[in-house]
Amino acid sequence: MVRKTKEEAQETYNTLLDAAEKVFAEKGVTSTTLNDVATAAGMTRGAIYWHFKDKNALFQAMCDRAFLPMEALLNEIVSTPHKDPLAGIKQLNVHFLNLVTGNARQQNVFDIIFHRCEKNSDLIFFSAESEKRVECLAKVQAMVQQAVDQGQLHPDTDTWIAMQAIHAYVIGIVHEWLEDSSAYCLMLHAEDMVDIFMAGLVARPPLKKTKPAGQECNMRLAAGQN
């Protein structure tokens, strides 16, 4: 009996997340109420509050469910010793793109975050996600450092800038592809697109500069320069 109750609770939990995903995509996160989600799920607000403290917790759970496979992929690849770190970085990014293109749920959640969500202080998710992002990117930076240590990249490579560029490139691909996924088959071209970036990284890696690029950019903005 207890087993059945747990199974039913899990089914309710997943139904609520499915409904939240659907309504957030249709109305946007800010405009969606818990009543909207309950109605879409065919349940009461009480069912939502049994599982989630508030809309923020519901949104967080929806994102966690979608992104857990990606976190597992990152941890698996970075924890594996690589004789060829650049091949490992390529593998990580190709697998990431294939994971997104082959999973409708991840596409939907990315689309909600990119296009249907206002990043404001009401959503604690973004501050928590920022911490996760720093942790994940540090692992990617460590792989770039391994490539430097093994002579695959210039010894003066700025590994922090390289890591930021890798992240921006791949997330940018996902962002633009979700704008019109019918434009091309991302799964078919994922490896080619990653190869383009990797070739550029090897041919002309970002080198360490006297002043961090961020400070120089801020100085130009403060001076009103373009």
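**Exercise 1. How are α4 and α5 oriented to each other: roughly parallel or roughly antiparallel?**

Solution. The model is predicted.

Step 1. Take the packing angle. α4 and α5 pack at about 165°. Their axes lie 10 Å apart.

Step 2. Apply the cut-off. Angles over 145 degrees count as roughly antiparallel. α4 and α5 are therefore roughly antiparallel to each other.

Step 3. The crossing of α4 and α5 is right-handed.

Step 4. List the residues in contact. α4 contributes Pro69, Met70, Leu73, Leu74 and Ile77. α5 contributes Gly88, Gln91, Leu92, His95, Phe96, Leu99 and Val100.

**Exercise 2. Describe the secondary structure and burial of the protein chain.**

Solution. 

Step 1. Count the elements. The protein chain has 10 helices and zero strands. Along the sequence, the pattern reads α-α-α-α-α-α-α-α-α-α.

Step 2. Check burial. The protein chain has 226 residues, and 34% of them count as buried.

Step 3. Check contact range. Consider contacts between residues at least 6 apart in sequence: 73% of these join residues at least 24 apart.

**Exercise 3. Locate the largest nonpolar core and name the members that touch the most other members.**

Solution. 

Step 1. Start with the members. The largest nonpolar core holds 56 residues. Phe59 and Leu97 touch the most other members.

Step 2. Assign the core to helices. At least two residues each come from α1 (2-27), α2 (34-41), α4 (55-78), α5 (85-101), α6 (104-115), α7 (125-149), α8 (159-179) and α9 (186-203). The largest share, 11 residues, is supplied by α4.

Step 3. Look around Leu97. Setting aside neighbours within four places in sequence, Leu97 is in contact with Val170, Ile173, Val174, Leu186, Ala190 and Val194.

**Exercise 4. Is Leu178 buried or exposed, and which residues does Leu178 contact beyond its sequence neighbours?**

Solution. 

Step 1. Find the element. Leu178 sits in helix α8.

Step 2. Compare with the cut-off. Buried means under 20% relative accessible area. Leu178 has a relative accessible area of 15%, so Leu178 is buried.

Step 3. List the contacts. Neighbours within four places in sequence are left aside. Leu178 is then in contact with Gln107, Phe110, Asp111, Phe114 and His115.

Step 4. Take one pair. Leu178 and Phe110 are 68 residues apart in sequence. Their C-alpha atoms are 8.3 Å apart in space.

Terms used: Residues are numbered from 1 along each chain as its sequence is written. This is a predicted model: local features need pLDDT of at least 70, side-chain atom pairs count only at pLDDT 80 or more; totals for chains, interfaces and linings use all residues. Side-chain values use heavy atoms; hydrogens and water are left out. A nonpolar core is a set of buried Ala, Val, Leu, Ile, Met, Phe, Trp, Tyr and Cys residues joined through side-chain atoms within 4.5 Å. Buried means under 20% relative accessible area, exposed over 50%, partly exposed in between (1.4 Å probe, protein chains only). Helices (H or I, at least four residues) and strands (E, at least two) are DSSP runs, numbered from the N terminus. Contact means heavy atoms within 4.5 Å. Axes are lines fitted to C-alpha atoms, for helices over the stretch in contact, and angles run from 0 to 180 degrees between N-to-C directions. Angles under 35 degrees count as roughly parallel, over 145 as roughly antiparallel, 65 to 115 as roughly perpendicular and the rest as oblique. A crossing is left-handed if the near helix is turned anticlockwise from the far one by less than a right angle, and right-handed if clockwise.
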